[in-house]
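The following questions and answers go through one protein model. Please look over the sequence and the structure before reading on.

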Amino acid sequence: MTTSTQTATAVTIRRARREDVERIAELIMLGAATQTMTADAIRAEARHPGYAEAFAEIDASKDNGLFVAERDGKVVGTFQVTLIPGLVARGRKRGKIESVHVAPECRGMGIGKIMIAHALAFAKGQGGGLIELSSNKSRLDAHRFYRNLGFAQSHEGFKIEL
């Protein structure tokens, strides 16, 4: 991981807007553990209409918040928070943080820490009593980052494609 001595001064967290969708898709692809695409291929893929359709659904949901981090007028990070109602712990809502990505050139500046703090505050403000996230097993730097923020690796996750 490349470390920068710069700081995250003037970072703003805000709800994502429709015009942010292509940049959000680019950040997600750039952060993928298996990313092998060229920059041109990432830009082309980010224009796929499926991203705009997914954004519209997320944006319309009261249980979802899609956010971006801006620095110097440019979107440099993104994350999503979903609130899940449940019967566990007397009906405690569970927050799920997804798709946490910071632009490669901005990593190590504290932007991720600011984003996670915002995600936690958002979930708590929406009535969340617990928050969880998952991270690809190969992203060891990310695991260290989350542990340093107080997250515990308490469960083993499973997925299946449908």
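Helices, salt bridges and backbone angles

E26 and R23 both lie in helix α1, three residues apart, about one turn of the helix. Helices (H or I, at least four residues) and strands (E, at least two) are DSSP runs, numbered from the N terminus. This is a predicted model, in which local features need pLDDT of at least 70, side-chain atom pairs count only at pLDDT 80 or more, and totals for chains, interfaces and linings use all residues. Residues are numbered from 1 along each chain as its sequence is written, and side-chain values use heavy atoms, with hydrogens and water left out.

Q: How far apart are N and O in the salt bridge of E26 and R23?
A: A salt bridge here is a side-chain nitrogen of Lys or Arg within 4 Å of a carboxyl oxygen of Asp or Glu. The side chains of E26 and R23 meet in such a bridge, with an N to O distance of 3.4 Å.

Q: Is E26 buried or exposed?
A: Buried means under 20% relative accessible area, exposed over 50%, and partly exposed in between (1.4 Å probe, protein chains only). The relative accessibility of E26 is 16%, so E26 counts as buried.

Q: At what angle do the axes of α1 and α3 cross?
A: Axes are lines fitted to C-alpha atoms, for helices over the stretch in contact, and angles run from 0 to 180 degrees between N-to-C directions. The axes of α1 (residues 21-31) and α3 (residues 49-60) come within 10 Å and cross at roughly 105°.

Q: Which residues of α1 and α3 make the contact?
A: Contact means heavy atoms within 4.5 Å. By class, this contact of α1 with α3 has six nonpolar, no polar and no charged residues; Ala, Val, Leu, Ile, Met, Phe, Trp, Tyr, Cys and Pro count as nonpolar, Asp, Glu, Lys and Arg as charged, and the others, Gly among them, as polar. The residues are V21, A25 and M29 of α1 and Y51, A52 and F55 of α3.

Q: Why do the buried residues of α6 line one face of the helix?
A: The buried residues of α6 (residues 140-148) are A142, H143 and Y146. The arc is that of the directions from the helix axis to the C-beta atoms. Seen down the axis of α6, the buried residues line one face because they fall within an arc of 100°.

Q: Which elements do the buried residues of α6 pack against?
A: On the other side of α6, L140 and N148 are exposed. The buried residues pack against β4 (93-102), α5 (111-125) and β5 (128-133).

Q: How many residues apart are E156 and K137?
A: E156 forms a salt bridge with K137, the closest N and O atoms being 2.5 Å apart. The pair links distant parts of the chain, with E156 in the segment after α6 and K137 in the loop between β5 and α6; the separation is 19 residues.

Q: What is the relative accessible area of K62, the salt-bridge partner of D63?
A: The side chains of D63 and K62 meet in a salt bridge at 3.2 Å, N to O. D63 is partly exposed at 23%. K62 is exposed, with a relative accessible area of 66%.

Q: What is the phi of R90?
A: Most residues other than glycine have a negative phi. R90 is found in helix α4 and is exposed, at 87% relative accessibility. R90 is not a glycine, although its phi is positive, at about 60°.
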